[in-house]
Amino acid sequence: MDLIHPHAKRYVVDALRSSSAAETRVLIVGGRQHIDKGNPSEIDAELWTTLLNDRVAYDPAEMLCVVEAGMRIHDVRAMLAEGGQEWPVDAPDDATVGGVIATGGPTIRQLRVGTMRDTIVEMEVVTGDGRLVRSGARTVKNVTGYDVHRLLTGSLGTLGVIVQVALKVRPLPKATRTLVTDEGGVELGRRVLDAVPLPVAVLAEPDRLVLRLEGWPEEVEEQTTAARSIATFDETDDPFPEACFPQATIVAEAAVVPSRLGELLAGVDRYRAMIGVGIAWVPFEDGEALTAFRARVAGLGGIAPVIRGPGGLGDGAVPAPEVERRVRAAMDPAGILAPGRAWST
């Protein structure tokens with residue numbers, strides 16, 4: 001298998017033009033932190049983005065940073081911390097910015113900081129046939145055309161190679177606190193979410209609940225008081241977020257409407273659920289149990305792609321198949337970008 005390591009955008013353009021002409025199937029690789037997400041794909045080459053790791057621009061006063069997509073998350077965090085700011089994603093340090101965007105995973109702190117998709121204001125991407133395309137703009141008044149950068153978010157590298165992004169950042173919170181109770185379950189999580197104003201995250205497990213608070217010191221104290229009116233919470237210094245079932249062979253990321261989360265997880269022995277969001281991570285040791293769980297998820301109108309281990313994305317109907325076909329034909333005419341890895345018609 002060929003390994004391609006471009007260190008500038010023009011080399012990505014050249015590589016994909018050549019691959020498209022030769023019908024060489026290419027997998028886009030960043031930090032390999034989310035490589036299990038997606039269906040198995042037959043490929044001939046890997047294109048690594050890790051040498052595209054330059055800082056392009058960062059002005060804390062503008063609350064905007066522009067970086068190449070191969071920059072590691074730990075480098076982004078260090079750069080923004082100097083300005084007292086953060087890009088609010090909860091990704092591993094060794095992941096790349098482009099990889100985090102391409103896999104489109106949920107932000108654990110989504111209740112307070114919103115979705116990752118909304119933090120991406122501009123993107124440069126190289127299409128499968130080697131065209132460099134820019135979508136969005138660093139200033140709202142200059143935005144024209146289609147939101148291609150939103151389309152690329154979560155596309156698993158099957159529509160193009162993300163080479164540069166402009167990210168909307170936010171101030172680091174003045175105070176943070178993680179509370180834990182030995183009581184658990186989705187229903188308790190809902191009660192806590194109803195009682196605590198603007199929590200960052202409410203994570204429910206069968207036998208415990210983790211509550212993350214961020215903001216001004218007075219605000220965090222008020223939230224803590226509200227939480228303790230519902231259950232006995234103790235403060236913990238454990239890292240947040242904790243690793244998600246690191247010893248499990250398979251971890252699925254189920255998504256249903258938030259009101260159906262309790263029904264989905266009834267009788268499930270192990271899970272971690274984002275209350276108010278409708279996301280739950282469930283570990284499995286074999287494919288048979290995963291298949292049975294996916295049937296339950298589908299019955300509730302959801303999906304359950306695997307994010308670690310074998311299993312792929314599972315069955316999921318494409319909402320607008322004709323639109324999907326036209327988008328792929330426009331972005332990757334020769335079909336070389338990890339064919340079959342993402343949901344498709």
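The protein chain holds ten helices and 18 strands, where helices (H or I, at least four residues) and strands (E, at least two) are DSSP runs numbered from the N terminus. The radius of gyration, taken over C-alpha atoms, is 21 Å for the protein chain, close to the 20 Å that the globule rule gives for 345 residues, so the chain is as compact as a globular protein of that length; the rule itself is 2.2 Å times the number of residues to the power 0.38. This is a predicted model, in which local features need pLDDT of at least 70 and side-chain atom pairs count only at pLDDT 80 or more, while totals for chains, interfaces and linings use all residues. Residues are numbered from 1 along each chain as its sequence is written, and side-chain values use heavy atoms, with hydrogens and water left out.

**The whole chain**

Start with the C-alpha trace, which fills a box of roughly 65 × 50 × 35 Å along the principal axes. Of the 345 residues, 50% count as buried, a word that stands for under 20% relative accessible area, with exposed being over 50% and partly exposed in between (1.4 Å probe, protein chains only). Among contacts (heavy atoms within 4.5 Å) with a separation of 6 or more, residues 24 or more positions apart account for 69%.

Next select residues 2-4, 26-29 and 45-48, which are β1, β2 and β3. They form an open sheet in the order β1-β3-β2 with parallel pairing, two strands being paired if DSSP finds at least two bridges between them. β1 and β2 stand at the edges, each with a single partner strand, so one side of each is left without a neighbour in the sheet. Neighbouring strands here are turned by 25 degrees against each other on average, direction ignored; the axes are lines fitted to C-alpha atoms, and angles run from 0 to 180 degrees between N-to-C directions.

Between β2 and β3 there are four bridges, and along this pair valine 26 has alanine 45 as its bridge partner, while isoleucine 28 stands opposite leucine 47.

Move on to residues 55-59 and 64-68, which are β4 and β5, paired in the antiparallel sense over four bridges. Aspartate 59 has leucine 64 in β5 as its bridge partner, and in the hairpin, with four residues between the strands, methionine 63 takes a positive phi near 55 degrees. Both strands belong to an open sheet with antiparallel pairing in the order β4-β5-β9-β7-β8. Here β4 and β8 (132-136) are at the edges with a single partner strand each, so one side of each lacks a neighbour in the sheet.

**Histidine 149**

Now centre on histidine 149 in helix α5 (residues 148-152), which is buried with a relative accessible area of 5%. Its side chain makes a polar contact of 2.7 Å with that of serine 135, a polar contact being a pair of N or O atoms within 3.5 Å, one able to donate a hydrogen and the other to accept it, with residues adjacent in sequence counted only if both atoms are side-chain atoms. Not counting residues up to four places away in sequence, histidine 149 touches Ile120, Val121, Met123, Ser135 and Gly136.

**The nonpolar cores**

Finish with Leu211, Phe233, Leu261, Leu264, Leu265 and Phe293, the residues with the most contacts inside the largest nonpolar core, which has 36 residues. Such a core is a set of buried Ala, Val, Leu, Ile, Met, Phe, Trp, Tyr and Cys residues joined through side-chain atoms within 4.5 Å. Leucine 264 touches Ala254, Val256, Phe293, Arg296, Val297 and Leu300, not counting residues up to four places away in sequence. A second, separate core of 29 residues includes Met79, Leu80, Val97 and Val165.
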